[in-house]
Amino acid sequence: MLIIKDLKASIEGKEILKGINLTVKPGEIHAIMGPNGSGKSTLASVLAGREEYEITSGSVEYLGNDLLALSPEDRAREGIFLAFQYPVEIPGVSTTNFLKTAINEIRKHKGQDALDAVSFLSLMKEKMKLVEIDQSLMSRSLNENFSGGEKKRNEIFQMAMLEPKLSILDETDSGLDIDALKVVSNGVNKLKTKENATIVVTHYQRLLNYIVPDFVHVLYNGKIVKSGTKELALELEEKGYDWIKAA
Amino acid sequence: MGSITDLLHKKYLIPMKQVIDKPSRKKPAEKLKEALISNFDQSQQAQGNLLTVKQNALKQFELLGFPSLKNEEYKYTPIARALEKSFTEEEILTSNTTPITLTAAQLKDILPQKIEANVLVFVNGRYTESLSKLISPKEEIVIEEFSKACETHAPLFEKHFAQYASIETDGFTAMNTAFAQQGVFIHVPKGKAVEKPVMLYFISDTTHGKTFTNLRNLFVIGENSQVKISESFYTFGKEISYTNAVTEIMADQQAIFSYYKIESESDLALHTGTTQIYQKRNSISNCTTVTLSGDIIRNNLNISLDDEYCEANMFGLSLLEGNHHVDNHTIADHRKPRSLSNELYKNVLDGSSKGVFNGKIYVRPDAQKTNAFQSNMNILLTDEASIKTKPQLEIWADDVKCSHGATTGQIDNEQLFYLRTRGLSEEDARALLLYAFALEVLENIKIKELREQLDKIVAARLHKNFE
């Protein structure tokens, strides 16, 4: 599904990703862990198409196509979803309000008819249950005065609505208490199928108790320095990242 | 300049700083002024007290003339120079004598079609009955042509006319008071909540040549009564139009009113306008000014809160492109304790358009416990667009809550990126963000069809359809 080869990216002349190699297949969950500043969020951003980053070398193949050639919106329409670490506040734009446009853009891209208001609302209701999100949040300005937990739930709710093939969760656990973490993880797990894949970016291991990864990669200084299975995450939790840095 | 105590005895509002041009200075458009003044006697229908008021205004106009850029209040807005360049003396005096040829069919997209409202259409300042309709019962609301009301409702008219809009500092208001013959007089008697809105359409039809129009409105809103009134300005034809509109609104105790001013004139339109509001105890005013186009537009919205527990809400949106120049000056004058003013003005500036915002808040010595809030937010879409913004708070009381803020920026790239990662095209995301920005002002317009009409125009401007 996703093949990243020797990916290097920099921002304002500073190289952040220094040669990433990663292959993700349908049905897999990959966790990317690493200390602050290792390039985790940059990788997530580059995959979603953030234009501030300059790709200096390497390639990203997604479903057989060159992902890096696509605009952020075309990536979304092709099934890539980024759950933001810090979802932006957009005054005056409600979730309901932009999601309808978003869904119909994606449907149009797939050659499907637009959803009418009734089907859209019933779809919303169904997906809202999944992340136990309150109806009132839907009509409020996006993320404005939302709590940390509400913001993250809203991200996963959008993921549920858009049904992506490849989801990238960027530090979805940050700012979540354990109860909210369970709800969010439960939502992600329910959305899991054999066809879609998930990349979970996190600093801490706790999230991986609930979203159990098939593979764990350790990102340090712009490179994946170690890969393994979920046991690697536990080892990291126990020993800290200094152990990796020293290696 | 007199002391503050002197000022308090005057009913109308006088800026704290006298800002009139010095008489010795050469002012723009002097010839136009002279031509108008020499034509005064010929143009008058007024008699008695009204004539005296107008003669006084004439003298004041002669003194003040049109404001130059040296005048602090007009330093960014070269409207007088534009008038000088655009009109000859001849054109001013013969303007608006051509027949009215606009038809209902031509106005189809402008006039409300479905709504139950009192609709009054003025073409080049002249009331056009064939395009208008009045549906509210007479005992609920009096709606009368300005030129007739000074006779049919003489006592009330004279009690309020020219009592609020000051001729002392603003040459345009002085000119208007002296020369305006046309407009609307509205009186809502005590205790009436007028169900159907009053929608006024002022159309400059330049098909037969340039137009130069003074319009005057007077709304007297009685104790404990309620009404919604809109003024919309449009242009037809491809010549220059100039409109100088003054509206005085007196809101008696406990009155609640909404006032909407919509400007959607041509790219050649020149406009100066003053809306002067005088509020009594417990009254509430809700004003929204929306400007969508025009060559040079200057709006003054002055609200005098002259009693306790008044509330004034002032919203503004300018959505500009090309060479549009729009200047909004507002005053919230807190004269008595315990009143509230709340203001939000927004500008979206594209092309080489220019915006000016000046928001004054006066809190007089008596006006303890005043709450006054002001915010001005601007989005510049190009490097060529510009905004001059100036909050001006003058506070003489010590137990007040006042705040002001101004922001100017571009479309937020983070917001744009976020929406694009959800599948929205860049263009759609941009339009959605701008629409959301505008919405905070537009949603204050509570005449449904007017709101829908504006949505349509805004949508067309942003190349996007908003359901």
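**Sheets, helix packing and chain contact in a predicted model**

Reader: In what order do the strands of the open sheet of six strands in chain A lie?

Author: This is a predicted model, and the open sheet in chain A has six strands with mixed pairing. Read across the sheet, the strand order is 6-9-10-3-11-12.

Reader: Which strands are the edge strands of that sheet, and how far are neighbouring strands turned against each other on average?

Author: Strand 6 (80–83) and strand 12 (223–228) of chain A each pair on one side only, and they are the edge strands. With direction ignored, neighbouring strands of this sheet are turned against each other by an average of 20 degrees.

Reader: In which sense do strand 11 and strand 12 of chain A pair, and which residue stands opposite A:His217?

Author: Strand 11 (residues 215–220) of chain A is joined to strand 12 of chain A over five bridges, and the sense is antiparallel.

Reader: Across which strands does helix 9 of chain A lie, and at what angle does it run to strand 11 of chain A?

Author: Helix 9 of chain A covers residues 230–239. It lies across strand 3 (29–33), strand 11 and strand 12 of chain A. Its angle to strand 11 of chain A is about 45 degrees.

Reader: Are helix 3 and helix 6 of chain A roughly parallel or roughly antiparallel to each other?

Author: The axes of helix 3 (residues 95–109) and helix 6 (residues 148–162) of chain A come within 10 Å and cross at roughly 30 degrees. Angles under 35 degrees count as roughly parallel. Helix 3 of chain A and helix 6 of chain A are therefore roughly parallel.

Reader: Which residues of helix 6 of chain A meet helix 3 of chain A, and how do the residues of the contact divide by class?

Author: From helix 3 of chain A come A:Thr95, A:Leu99, A:Ala102, A:Ile103 and A:Ile106. They meet A:Asn154, A:Gln158, A:Met161 and A:Leu162 in helix 6 of chain A. By class, this contact of helix 3 with helix 6 of chain A has six nonpolar, three polar and no charged residues.

Reader: At what angle do helix 4 and helix 9 of chain B pack, and what is the hand of their crossing?

Author: Helix 4 (residues 48–64) and helix 9 (residues 171–179) of chain B have axes 8 Å apart and pack at an angle of about 145 degrees. The crossing of helix 4 of chain B with helix 9 of chain B is left-handed.

Reader: Why is strand 12 of chain B largely enclosed by the rest of the structure?

Author: B:Ile296, B:Arg298, B:Asn300, B:Asn302 and B:Ser304 point one way from strand 12 of chain B, while B:Ile297, B:Asn299, B:Leu301, B:Ile303 and B:Leu305 point the other way, and all are buried. Strand 12 (residues 296–305) of chain B is largely enclosed because the buried residues number 10 of the 10.

Reader: Which residue is the bridge partner of B:Arg298 in strand 14 of chain B?

Author: Strand 12 of chain B pairs in the parallel sense with strand 10 (residues 270–279) of chain B over 10 bridges. It also runs parallel to strand 14 (residues 325–334) of chain B, joined by 10 bridges. In strand 14 of chain B, the partner of B:Arg298 is B:Asp327.

Reader: Which helix gives the most to the side of chain B that touches chain A?

Author: The contact takes 18 residues from chain B and 20 residues from chain A. Helix 10 (413–420) and helix 11 (426–442) of chain B each supply at least two residues of the side of chain B that touches chain A. With seven residues, the helix that gives the most to that side is helix 11 of chain B.

Key
Residues are numbered from 1 along each chain as its sequence is written. Chains are lettered from A and ligands numbered from 1 in the order in which they are written. This is a predicted model: local features need pLDDT of at least 70, side-chain atom pairs count only at pLDDT 80 or more; totals for chains, interfaces and linings use all residues. Axes are lines fitted to C-alpha atoms, for helices over the stretch in contact, and angles run from 0 to 180 degrees between N-to-C directions. Helices (H or I, at least four residues) and strands (E, at least two) are DSSP runs, numbered from the N terminus. Angles under 35 degrees count as roughly parallel, over 145 as roughly antiparallel, 65 to 115 as roughly perpendicular and the rest as oblique. Two residues are in contact if their C-beta atoms, placed from the backbone, lie within 7 Å. Ala, Val, Leu, Ile, Met, Phe, Trp, Tyr, Cys and Pro count as nonpolar, Asp, Glu, Lys and Arg as charged, and the others, Gly among them, as polar. A crossing is left-handed if the near helix is turned anticlockwise from the far one by less than a right angle, and right-handed if clockwise. Two strands pair if DSSP finds at least two bridges between them. A residue is buried if 20 or more other C-beta atoms lie within 10 Å of its own, exposed if 12 or fewer, and partly exposed in between; C-beta atoms are placed from the backbone.
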